[in-house]
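Open the structure in your viewer and keep the selection tool ready. This tour goes stop by stop: what to select, and what is there.

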Amino acid sequence: MPMTRVKADISAIPAPAGDGTHFTVRPLTQATWPDFAALVERHKGVWGGCWCLAFHAEGKEPGPHRKAQKQQRVQAGTAHAALVFNGAQCVGWCQFGPPEELPRIKHLRVYTQGQGEPPDWRITCFFVDKDHRGQGVAATALTGALDQIARLGGGRVESYPEDTTGRQVSAGFLYNSRLALFEAHGFERERRLGKH
């Protein structure tokens, strides 16, 4: 999927108001693993059984072992995400981590051609329960991820959202959300990596 690289220094990012006020955010940990797993299982593994591993070193290795791989990462502290809850139910997430934790990104060849100093953190994917799309879950997840990043030491954050200006794109295909969402959170567009 096409994307644009955006970056921000989280010390300068204002918290947007008015999005997802009825949601709560918790980090992905061993304690919240069952909630995360329940959401993934409700959606048949998410994107063909990804289990939110595509940007980790495991990449897109198919197979039934992916759930166990993700759970092992959570237990080891090498998988980070801001989980969004509607009451007791997990309804979405925003995955983030340092580049060594999330080494795989789309359009990597183009990315590395113009890469300067690597970021401290990457935001690589979002997922929102199909029954909660269009309700501010992604905005809440991004705010939660940035808050968790700040608590973990902060620094430069980059992501690769899609510019949907002037065209319709199904929310189910926006694995890294929309450029406008990131700009609303204080990110600045750095360069284009794909068509959009």
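A helix here is a DSSP run of H or I with at least four residues, and helices are numbered from the N terminus. The model on screen is predicted.

**Stop 1: helix α4**

Select Arg151 and Asp147. Their side chains form a salt bridge, with the closest N and O atoms 3.0 Å apart. Now show the surface. Arg151 is exposed, because its relative accessible area of 69% is over the 50% cut-off. Asp147 is partly exposed, at 36%.

Stay in helix α4 and select Gln148. Is Gln148 buried or exposed? Gln148 is buried, because its relative accessibility of 12% falls under the 20% limit. Next, display what surrounds Gln148. Setting aside neighbours within four places in sequence, Gln148 is in contact with Val25, Arg26, Pro27, Ala81, Ala82 and Phe96.

**Stop 2**

Select Arg42 and Asp129. A salt bridge joins their side chains, at 3.2 Å from N to O. Where does each partner sit? Arg42 belongs to helix α1, while Asp129 is in the loop between β5 (121-128) and α4 (137-151). The pair links distant parts of the chain, 87 residues apart. Check the accessibility of each partner. Arg42 is partly exposed, with a relative accessible area of 34%. Asp129 counts as buried, at 4%.

**Stop 3: another salt bridge**

Select Arg189 and Glu183. Here too the side chains meet in a salt bridge, at 3.8 Å from N to O. Arg189 is partly exposed, at a relative accessible area of 41%. Glu183 is also partly exposed, with 37% relative accessibility. How many salt bridges does the structure hold? The structure holds six.

**Stop 4: the loop between α1 and α2**

Move to the loop between α1 (33-42) and α2 (66-76), and begin with Gly59, which lies there. Gly59 is buried, with a relative accessible area of 0%. Which residues touch Gly59, leaving aside its neighbours within four places in sequence? The contacts are Leu53, Ala54, Arg66 and Arg104. Gly59 and Pro103 are 44 residues apart along the chain, and their C-alpha atoms are separated by 9.2 Å.

Select Lys44 next. Lys44 is in the loop between α1 and α2. Look at its backbone: Lys44 has a positive phi of about 55°, although it is not a glycine. Lys44 is exposed, with a relative accessible area of 74%.

Finish on Trp51. Trp51 is placed in the loop between α1 and α2. Trp51 has a positive phi of about 55° and is not a glycine. Is Trp51 buried or exposed? Trp51 counts as buried, at 9% relative accessibility.

**Before you close the viewer**

Lys44 is exposed, whereas Trp51 is buried. Gln148 is buried, whereas Arg151 is exposed.

Methods: Residues are numbered from 1 along each chain as its sequence is written. This is a predicted model: local features need pLDDT of at least 70, side-chain atom pairs count only at pLDDT 80 or more; totals for chains, interfaces and linings use all residues. Side-chain values use heavy atoms; hydrogens and water are left out. Helices (H or I, at least four residues) and strands (E, at least two) are DSSP runs, numbered from the N terminus. Buried means under 20% relative accessible area, exposed over 50%, partly exposed in between (1.4 Å probe, protein chains only). Contact means heavy atoms within 4.5 Å. A salt bridge is a side-chain nitrogen of Lys or Arg within 4 Å of a carboxyl oxygen of Asp or Glu.
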